[in-house]
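Me: I would like a close look at one part of this model. Keep it brisk, and then show me how the surroundings are put together.

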Amino acid sequence: MVPENKITQYGDFEQEYTTLENAQIVILPIPYDKTSTWIKGADKGPQAILEASYNLEFYDIETQTEVYKRGIYTAPPVTENASPEQMVAAVRTATTKYLEQGKFVVTIGGEHSVSIGAIQAFAQKFDDLTVLQIDAHTDLRPTYLGSANNHACVMARAREVANIVQVGIRSMDSSELPYVEDHRIFYAHDIVRSRGKDSQWQYEVVDQLTSNVYITIDLDGFDPAVVPSTGTPEPGGLWYDEVLDLLKLVDANVNIVGFDVVELCPNPHSKASDFLAAKLIYQLLSYKFH
């Protein structure tokens, strides 16, 4: 048994499935938490995800696959933290390096600002790109607290290089209203009220996507009853199964080119959120490579 603080690999796989040469998939940890504005600790999120991943079962019942046999390499973490701008540049460089090697790249945060550099790298690589955001917050501020690369500015930066579609939103500032595209934002209150009916909201999301899609998953998009361990828990969020239903539908209709999972703020007394994040990554990989 490897001590948790010594775990540096996603998944307790045989070595043949964890080398860069043999891997189709790269996990890129980014333990950054400099622009968080409430509960600190997202910099510990990547390590918590890696530790939780050792407790996964690696046969996916739904797809009847073992996606780890595609090879999953965990890259050295991006640790640049001198400024948000330098962090974004370092993430962009690292992501680009693995994309140029033909890898499917998954970044794990860290706070949501770590997604900016990854999104920029994917936008350079893929034409006709949409960034699908699952999140409680719009994150459309042009700048916040003196930086254009704050966690509150992620989707403002994304819309500069790609189309955006936003799902699960239930918190925003009025200054963001001019940047909201009404047909491409799916508010949590509308989703919640459609439960138990012939809901079509997942199909409406897919209708707004282009041929290539990058998915950015802020864990506060889930209801705090599902994921309590995040820096800005917002009531009224999404349930795990309905997010999976959306991800399956997206995978069936477009080309998912990469994704990230961010904003885990681990609680040492409760591992449920850590495990959900680790399993969410594995399930989305299982859909993608099914």
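Is Glu176 buried or exposed, and what is its relative accessible area?

Reply: The model is predicted. Glu176 is buried, with a relative accessible area of 2%. The cut-off for buried is under 20%.

Start with the partner of Glu176. The side chain of Glu176 forms a salt bridge with that of Arg141, at 3.7 Å from N to O. Arg141 sits in the loop between strand 4 and helix 4, while Glu176 sits in the loop between strand 5 and strand 6. The pair therefore ties together parts that are 35 residues apart in sequence.

Arg141 also pairs with Asp173. That salt bridge is 3.8 Å, N to O. Strand 4 covers 129-134 and helix 4 covers 154-158, and Arg141 is in the loop between them. Asp173 is in the loop between strand 5 (163-169) and strand 6 (185-187), so this pair links parts that are 32 residues apart in sequence. Asp173 is partly exposed, at 30% relative accessible area. Glu176, by contrast, is buried at 2%.

Why can such side chains pair? Side chains of opposite charge can do so when their charged atoms come close.

Now the other salt bridges. The structure holds seven of them. One joins the side chains of Lys69 and Glu66, at 2.9 Å from N to O. Lys69 is partly exposed, with 45% relative accessibility. Glu66 is also partly exposed, with a relative accessible area of 32%. Elsewhere, salt bridges link Glu62, Asp245 and Lys248 in a network.

Helix 7 (residues 240-253) and helix 8 (residues 272-288) have axes that come within 10 Å and cross at roughly 25 degrees. An angle under 35 degrees counts as roughly parallel, and these two helices are therefore roughly parallel to each other. Their crossing is right-handed. On the helix 7 side, the contact uses Tyr240, Leu244, Leu247, Lys248 and Asp251. Helix 8 brings Leu276, Lys279, Leu280, Gln283, Leu284, Tyr287 and Lys288. By class, this contact has seven nonpolar, one polar and four charged residues.

The axes of helix 2 (residues 84-100) and helix 3 (residues 114-125) come within 7 Å, crossing at roughly 40 degrees. These helices are therefore oblique to each other. The crossing is right-handed here too. From helix 2, the contact takes Met87, Val88, Val91, Arg92, Thr95, Thr96 and Leu99. They meet Val114, Ile116, Gly117, Ala118, Gln120, Ala121, Phe122, Gln124 and Lys125 of helix 3. By class, the contact of helix 2 with helix 3 has nine nonpolar, five polar and two charged residues.

Of its 12 residues, 10 are buried, so helix 3 is largely enclosed by the rest of the structure. Among the buried ones are Val114, Ile116, Gly117, Ile119 and Phe122. Ser115 also lies in helix 3. Ser115 counts as buried, at 0% relative accessibility. Leaving aside residues up to four places away in sequence, Ser115 touches Val154, Thr216, Asp260 and Val262.

Terms used. Residues numbered from 1 in each chain as written. Predicted model: local features only at pLDDT ≥ 70, side-chain atom pairs only at ≥ 80, totals over all residues. Heavy atoms only, no water. Axes fitted to C-alpha atoms, helices over the stretch in contact; angles between N-to-C directions. Helix = DSSP H or I, 4+ residues; strand = E, 2+ residues; numbered from the N terminus. Parallel < 35°, antiparallel > 145°, perpendicular 65-115°, else oblique. Left-handed = near helix turned anticlockwise from the far one by under 90°. Contact = heavy atoms within 4.5 Å. Nonpolar A, V, L, I, M, F, W, Y, C, P; charged D, E, K, R; others polar. Salt bridge = Lys/Arg side-chain N within 4 Å of Asp/Glu carboxyl O. Buried < 20%, exposed > 50% of the residue type's maximum accessible area, 1.4 Å probe, protein only.
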